[in-house]
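Biologist: I am new to reading models of proteins, and I would like to go through one slowly with you. Could we take one feature after another, with the general idea before the case itself?

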Amino acid sequence: MPFNWEKVNNAYKERGNSPESWISTSKALLVSARVLRDAFENAQLTLPESDNKNENFEILMSTLEPELMLRAFALECLYKAIWLSRGNELYKNGSFKGVDGNKKHDLEELAKAVNLHDNLSDIQKRVLSVLSQFNERGRYPILNKPKDVQELLGWCVSNHDPAFDEIVAMLYAELGIN
């Protein structure tokens with residue numbers, strides 16, 4: 001029996017243009033990020049004293065970087081759900097088009113595309129900027145430049161969690177999610 005590409009294309013179009021699909025994926029990513037945060041916090045409590053501080057740092061960072069990447073992915077999915085809820089399409093004519101034709105992972109640009117960027121505080125814009133970097137670099141063993149480690153350490157030192165949570169709450173409200 002020949003493969004039915006039309007059926008596959010229709011399924012992709014339906015799922016790719018469904019805000020609910022993007023919301024569901026976002027929720028799964030947020031849960032996964034939370035699991036990594038819990039692992040990070042438990043590791044801080046249970047790491048044995050070591051003469052090799054770099055080793056302890058690497059263990060802790062091994063959960064933080066993917067956690068931030070998952071948070072970035074989750075926000076990207078929520079912005080795309082908002083885009084779709086306003087009557088737009090992401091999947092059209094057999095391929096993924098992105099938001100406004102933009103296939104980049106820049107969270108600030110996505111916020112602008114759905115007209116929510118101006119509603120953000122400076123710290124929330126900073127969170128989007130930092131997380132956008134992890135949308136790209138959280139998958140790789142090194143950062144683009146050694147000085148980029150400063151961004152990661154900045155996240156650790158300055159608790160950006162409340163600002164992140166505020167962004168999620170704002171996006172949920174926009175989508176009518178309780």
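Modeller: Let us begin with a single residue, and please keep in mind throughout that this is a predicted model. A residue counts as buried under 20% relative accessible area and as exposed over 50%, with partly exposed in between. Phe96 has a relative accessibility of 32%, so Phe96 counts as partly exposed.

Biologist: Which residue forms an aromatic pair with Phe96, and how is that pair described?

Modeller: A pair of aromatic rings is described by the distance of the centres and the angle of the planes. Here the partner of Phe96 is Trp22, with 6.4 Å from centre to centre and 35° between the planes, and the pair is tilted. Because Trp22 belongs to helix α2 (residues 19-46) and Phe96 to strand β2 (residues 95-96), the pair ties together parts that are 74 residues apart in sequence. Trp22, at 16% relative accessibility, counts as buried, whereas Phe96 counts as partly exposed.

Biologist: How many aromatic pairs does the structure hold?

Modeller: The structure holds three aromatic pairs. One of them joins Tyr12 and Tyr91, whose ring centres are 5.8 Å apart and whose planes stand at 45°, so this pair is tilted. Tyr12 lies in helix α1 (residues 5-16) and Tyr91 in strand β1 (residues 91-92), so parts that are 79 residues apart in sequence are tied together by the pair.

Biologist: Are Tyr12 and Tyr91 buried or exposed?

Modeller: Tyr12 is exposed, since its relative accessible area is 54%, while Tyr91 has a relative accessible area of 10% and is therefore buried.

Biologist: Which elements give two or more residues to the largest nonpolar core, and which residues touch the most other members?

Modeller: This core has 41 residues, and those that touch the most other members are Leu75, Tyr79, Leu107, Leu128, Leu131, Ile167 and Leu171. The elements that give two or more residues are α2, α3 (53-85), α4 (107-113), α5 and α7 (161-175). The largest share comes from α3, with 14 residues.

Biologist: What sits over the ring of Phe164?

Modeller: The charged end of Arg71 does, at 4.5 Å from the centre of the ring.

Biologist: I would also like to understand backbone angles. Which residues other than glycine have a positive phi, and where are they found?

Modeller: Most residues other than glycine have a negative phi. Asn93, in the loop between β1 and β2, has a positive phi near 55°, and Asn93 is exposed, with a relative accessible area of 73%. Asn115, in the loop between α4 and α5, has a positive phi near 60°, and Asn115 is exposed as well, with a relative accessible area of 63%.

Biologist: How far apart are Asp38 and Thr63, in sequence and in space?

Modeller: They are 25 residues apart in sequence and 9.3 Å apart in space, taken from C-alpha to C-alpha. Asp38 is in helix α2 and, at 32% relative accessibility, counts as partly exposed. For the protein chain, residues 24 or more positions apart account for 73% of the contacts with a separation of 6 or more.

Conventions
Residues are numbered from 1 along each chain as its sequence is written. This is a predicted model: local features need pLDDT of at least 70, side-chain atom pairs count only at pLDDT 80 or more; totals for chains, interfaces and linings use all residues. Side-chain values use heavy atoms; hydrogens and water are left out. Rings of Phe, Tyr and Trp (its six-membered ring) pair if their centres lie within 6.5 Å; planes under 30 degrees apart count as stacked, over 60 as edge-to-face and the rest as tilted. Helices (H or I, at least four residues) and strands (E, at least two) are DSSP runs, numbered from the N terminus. Buried means under 20% relative accessible area, exposed over 50%, partly exposed in between (1.4 Å probe, protein chains only). A charge sits over a ring if NZ of Lys or CZ of Arg is within 6 Å of the ring centre and within 35 degrees of the ring normal. A nonpolar core is a set of buried Ala, Val, Leu, Ile, Met, Phe, Trp, Tyr and Cys residues joined through side-chain atoms within 4.5 Å. Contact means heavy atoms within 4.5 Å.
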